Amino acid sequence: MTTTVLRTHRLSAADWNQWAASFPPVAVSPAESALFQQAATPHPGMTAIDLACGTGQWTRQLASWGITVTGYDFSDEALGQAQAAAPREGLSYALWDIVADPIPGLLAPGSLDMVTCRYGLPYLEPGRLLTDVGRWLKPDGVFSALVRVTPDPDRDDATERKAHDSAPVDPASFDLGLTEAHLSDIGAGWARHEVHHLDHRLRMIVLSGYGSPPPQQPPPVNSTMPAGLKPPGQVLDDGSPARPVAQAAFSAAVGHAHGDPAGMYPAGAHACAAQA
């Protein structure tokens, strides 16, 4: 696979202070909340951090699920708004330049259940960041990032030039996204890599199992089966995708193929029978 070059975008804390003071934050939608609950299964008692948290919209959402969470950002204006918004137990904020500053001592290896980043990934250094995130997470921990998708990779050039001139910041610089190719590349080295479509322009990346091999596809089952039938997740012997069938239907089909018209193999026995 060809790895797409991903350049990140550096805006100053002063730029983000101006943004936080001038524009309303993006509220968490019910669809975003529901998708995250389905994909990442948050629950009370977890410990999390929210990177590039801004005014704390998503940090407060995590806390509302009973998660102990710290939001990190390098805009003191944004953090001031976050701290004033809705203080509650288990919710805190801290000033941190994620790209330039040393990693806070509290982020010890294997200490977190969840790391999130809402709209901030294009401004960070995803390759290096995700290596650190992989260390901070527990073995079953989850990383999730909400990102905008942009079809124009050349947009990177204009934003990078801004860092070297004194012109006012283009408002589009605060609305950066990643290309679909970038989304495919992010997550190398993680066993689970999912990209969920929230709408036509928003994607939710979900990663887990850093440093673990991806799950292996089950080998084809060698049995006399009706054409195109295989258990869920398997492929046909010629490499073509199998038609998905429910487990009960698969068990019945195997039973019939081996002389049991009712398909009444005991639980767990059908796979052995199919490979006999």
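Helices (H or I, at least four residues) and strands (E, at least two) are DSSP runs that are numbered from the N terminus, and with that rule I looked up E32 and found its place in helix 2. The model is predicted, so local features need pLDDT of at least 70 and side-chain atom pairs count only at pLDDT 80 or more, while totals for chains, interfaces and linings use all residues. I number residues from 1 along each chain as its sequence is written, and side-chain values use heavy atoms, with hydrogens and water left out.

**Entry 1: the whole protein.** I noted 9 helices and 7 strands in the protein. Of its 276 residues, 43% count as buried (under 20% relative accessible area, with exposed over 50% and partly exposed in between, for a 1.4 Å probe and protein chains only). I then turned to contacts (heavy atoms within 4.5 Å): among those between residues at least 6 apart in sequence, 62% join residues at least 24 apart.

Entry 2: E32 counts as buried, at 3% relative accessibility. Leaving out residues up to four places away in sequence, I found that E32 touches A27, W58, R118, L146, L198 and M204. From E32 to D199 there are 167 residues in sequence, yet their C-alpha atoms are 9.6 Å apart in space. I also looked at Q61, which lies in helix 3 (residues 57-64) and is buried with a relative accessible area of 18%. Beyond residues up to four places away in sequence, Q61 touches V28 and S33.

Entry 3: The 7 strands form an open sheet with mixed pairing, in the order 3-2-1-4-5-7-6 (two strands pair if DSSP finds at least two bridges between them). Strand 3 (91-95) and strand 6 (190-197) stand at the edges with a single partner strand each, so one side of each is left without a neighbour in the sheet. From one strand to the next, the twist averages 15° (axes are lines fitted to C-alpha atoms, for helices over the stretch in contact, and angles run from 0 to 180 degrees between N-to-C directions). Strand 4 (residues 112-118) and strand 5 (residues 137-148) run parallel and are joined by 6 bridges, and I saw that V115 stands opposite F143 in strand 5. Helix 4 (residues 76-85) packs on the sheet, where it touches strand 2 (68-73) and strand 3, and its direction makes about 165° with that of strand 3.

**Entry 4: the cores.** A nonpolar core is a set of buried Ala, Val, Leu, Ile, Met, Phe, Trp, Tyr and Cys residues joined through side-chain atoms within 4.5 Å. The largest has 27 residues, of which I49, L51, V115, L121, V133 and F143 touch the most other members. Strand 1 (47-51), strand 4, helix 5 (126-136), strand 5 and strand 7 (202-210) are the elements that give two or more residues to this core. A second, separate core has 24 residues, including A40, W58, M114 and Y119. In helix 5, I listed P126, L129, L130, D132, V133, G134 and W136 as buried, and their cover includes strand 1, strand 4, strand 5, strand 6 and strand 7.
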